[in-house]
Structure formats: C-alpha cells, structure tokens
Amino acid sequence: MEKRQRWPSRMIFIFAAIGSAVGLGNIWRFPYLAGKYGGGAFLIPYLIMLFLLGVPLLIMEFAIGQRMQVGAVGSFRKIKRKLAGIGLGSVLCGFIVVSYYAVIMGWCLIYLIYSFTLKWGADTKSFFFDNVIHLSKDVGEVGFISVEIIFALVIVWALIYFSVWKGIKSVSKVVLVTMPLPIILLFILLIRGITLPGAIDGIIFYLKPNFGALLDFEVWSAAMSQIFFTLSLAFGIMIAYASYQHESSDISKSAIITALVNSGISIIAGFCVFSTLGYMASRSGVPVSELAASGPSLAFIVFPKALSLIPFASVFAVLFFVMLITLGIDSAFSLVEAASTVIHDRYSHIRKEDVSLYVCVFGFICGIIFATFAGLYYLDITDHFITNYGLVLVGLLEVLAIGWLYGANKLRNYVNHVSEIKIGKWWNTLIKFIIPVFLIVLLIANFIRDIKHPYEGYPQWAIFCFGWGLIIGVLLLSCLSVFFSRQKNNV
Ligand code: PHE
C-alpha cells in the first residue's frame, strides 16, 4: 500500500488549519455580528462558545483524523461501519459550500481587476447588482449565466486545483503564502483604517457593550453558529488534515493555537472594518449603524465605496481584494482536500492528481448555478441552510458517535498520551452531554424560526430546492451509502 502523505512539520499543519479557519467569515461575518449583537458584550458569548464548543470540537476532530489516519468517511467507518454516513454528510456539505464559496471568490477576482481603476464609481450598490452579478428581479428569473463570472470562476478553480493537485505535498507549499499574506495585508489595512479621521466612532460602535443583548437567545445562537463556521468544523476538513499528521503528534496545543489565532484575527478584522466605516460615516454623514453590513454587501458595496474615499484609493482597494482572495483560497481548497482525501482513501489506485481534478471539475460545474443572474438568491438560501442545519446536524452526530460509541474517554486518553497540554475529564462531559444539548437546542430554535418565517421571505419552491431539498439530499445520500456499503460487505 502507498505510504500516507505527511505534513513536512507541525507548523505547516497548523498553518493549513489556520488557513482553512481564517476566511471570509472572519472579515465579513464576525465584525457584523459583534456590531449587531451587543458590541463588545458579544465577545462574552463568543468567547464562551469558543472554549465550550470550538476548542473541544477542534481537539476532537484533530484527534479523530490523527488516530484513524484516514479522512472523515473512513474515520467514522472505523468506529462502526454504519457511521460512515456521518463522514459522507460532512464532506457533501463541504462540497456544496465550496461550489458557492468559489463563486464569491470569483467576484473578488473581478473586483481586484476593477480596483486598479476604481471602476465601481459612486453608486457601488447598483454597480454590484446590475453590472457585476446582473441580479434578476425575482428568484424565479434565472436569466443567463454571467460570462464574466464564469471566466473568473474558471480561474478560481484553476488556482484551487493547483493548490491541491498533489494533495498535502502541494498544500504545504501554498499555505506558506496564503496563510501569512492576508494577515499581513489585514494589518496594513488596519493601520490605514485606525489612522483615518472619524475611525474612533466606528470603533466605539463596534465595541460599546450592550449587556442587555446577552439576555437574548438569538445572540447566543449566533455566537454558536459563528464558532462552528469560523473553525471550519463538521466539514471533514480538520479530520482530513489531521490524518496526515504522525500518530504521535501533539494535538491539544495545535488546536488551541489554531482557535486562538483564528479568533484573534476576527477581532482585529473588526477594528479594521469598523474604523474604515467610522471614516466613511464622518465623510458621508450616514451613521455607522446604517453602514454596517455583512456578507457580500460589506465586501462589494460598502467597502469599495469606503476605500474610494481614502487617498491612494486604488492601492488600498487592490490590497483589500488580494487579502480576500488569499484569505478565501485556503478555506476553499481545504474543502476540496477534505473531499479528495475521502475519495483517495477509498480508491487509492486512482492518482491523487486525478482525484483532485475530478473534484475541482465537478465543483466548478455545480457552481455554475450560482453564476446565473439569480445566483445570489440561490447562494443566500443554500448558505443559510447548510450552515444552520447541515453543519449543526453533522456536528451533533459526530459528538454523539464519539461520546457514546467510540468513547469520549478513550479519545481523551489518546489526546493526553500524545499532547503536552493535558485535557481533563470535563472534556468528556462536554462531548457527551453539554455540546449535544447545545446543538439540539440550536437546531430546534433554527427550525422553529424558519418554519415561522420562510428565510428572507423567499418563495417556498426556492426554499425547498436550495434549502430543505439539499439537506434532505445530503441525508439521503449519506444513509444510502451506508446501506449499500453494508450490502456489499455482507456478500
Ligand atoms: N472558516 C471559514 C471562514 O470563516 C469558512 C469556511 C468554513 C471555509 C468551512 C471552508 C470551510 O470564512
């Protein structure tokens, strides 16, 4: 049998894990959540969730991959054959995410080109909706495929492919650039941001604590989902990456470093985003609260406008979009690597290069739907459902499988055997009881909310096709795969 690939060093492994964790979510999701849910007070639920949920789960995923020495499907299969479906579910969710994540990166690429001339002009909103993504009036109006976006998408997928084509061997080299570079750029933009006049108003908006918010359940559930998403948990990524570590490598320290660096960057990104918005508020007279936005609106509407007000605007615009692209690319290829690890584990006679190529081509094809004129609507719905249900469900099944079938204590003993920082018995309690209860509550709360009000008022058919339907599809495929694999093995 072919020998398993290895990370050249533990540092590179940590680089790759941080690269995956630090992504668009740190720049356009965390600051917005903080601004919206209690300012500085949001840090309380966020940090509590980080230590109660994030770090223990990251330790768990690292430990599973490193102990089993295979990707997510194989790892759960080793625990019990029927559990392989959990691994498949996680990889499928990841695959769906990367198909739209790549489209967003395509937009970043287009904006990078536009940055040189600040082509978006004064009305950045209509520029984004009408000239870039050609957003149709209605979800049902698919329109055409935007040629520009498809072109950018091909380039993004080529970048992803060349990052993962030789598996860990190529990833190890690429993360040396894609992990530190965006962080350096973030610091440059941060310094620019906080030295702008009016920056302080933005920072006050970001940090001013509203402790009343802590009484709101929504704030806690937002913190919980953010921790899941930001640490790239439940996508099979961290399991796949850790499976390329030696069985005796340290686990808990790597997990703590990854989690702390990731959250540190989120908090710093908040200063960068809000100081720039503070400046924009002082120039435009529009209050920061109205400028604060998340997701694509922040990156493609508010920020381009804010940047164009700064002296040497195009320089900073270029830096901003290079930062987004390099931030996103290692998150995107980590999702591809999670999928190709699983496929290569199962069909090891196929060359890794070919496996990566098939995954990339398939990912590109699946992403085409998001490049249509109604693509943003589909992307929005898919993202909502995968992050609110797919991941939480997979995460729940993972903890139940480890806590109750494999044995939390058994995994903890392994972690302690190889790690410098020992974890106490509290970890078992978290994995067996507390985290499952949290996740079940989150799942039910999300479900009630979405049943009461269809997400963003989208029509039922769209919610079904790009939301519930996808989740049901993932569940069905995962269950069927177990059924068929059992049949085969029983013969
Ligand atoms: N962790 C990434 C972020 O915060 C998002 C992501 C999740 C990317 C899962 C890849 C996989 O942006």
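Modeller: Let's start with a term: buried means under 20% relative accessible area, exposed means over 50%, and partly exposed is in between (1.4 Å probe, protein chains only). This is a predicted model, where local features need pLDDT of at least 70 and side-chain atom pairs count only at pLDDT 80 or more, while totals for chains, interfaces and linings use all residues. Residues are numbered from 1 along each chain as its sequence is written, and side-chain values use heavy atoms, with hydrogens and water left out.

Colleague: OK, let me try that. Is alanine 234 buried or exposed?

Modeller: Alanine 234 counts as buried, because its relative accessibility is 1%. Alanine 234 sits in the loop between helix H12 (217-230) and helix H13 (237-242). Helices here are DSSP runs of H or I with at least four residues, and strands are E runs of at least two, numbered from the N terminus.

Colleague: And the backbone? What is phi of alanine 234 near?

Modeller: Phi is near 65° for alanine 234, a positive value in a residue other than glycine. Histidine 134 isn't a glycine either, and has a positive phi of about 50°. Look for histidine 134 in the loop between helix H7 (124-132) and helix H8 (147-164). Histidine 134 is at 29% relative accessibility, so it counts as partly exposed.

Colleague: Now the surface. Which residues form a nonpolar patch?

Modeller: Idea before case: patches take residues with over 30% relative accessible area and no salt bridge, joining like charges within 9 Å and nonpolar side chains (Val, Leu, Ile, Met, Phe, Trp, Tyr) within 5 Å. A salt bridge puts a side-chain nitrogen of Lys or Arg within 4 Å of a carboxyl oxygen of Asp or Glu. Accessible areas come from the Shrake-Rupley method with a 1.4 Å probe, and for residues only the protein chains shown count as cover. Here, the nonpolar patch is Leu397, Leu400, Trp404, Leu405, Phe433 and Ile434, together about 540 Å² of accessible area. Helix H19 (375-418) and helix H20 (426-452) are the elements that give two or more residues to this patch. H19 gives the most, with four residues.

Colleague: How do I read contacts? Which residues does serine 331 touch?

Modeller: Contact means heavy atoms within 4.5 Å. Not counting residues up to four places away in sequence, serine 331 touches Gly19, Ser20, Val22, Gly23 and Tyr101. Serine 331 is in helix H17 (residues 313-346), and it counts as buried because its relative accessibility is 6%.
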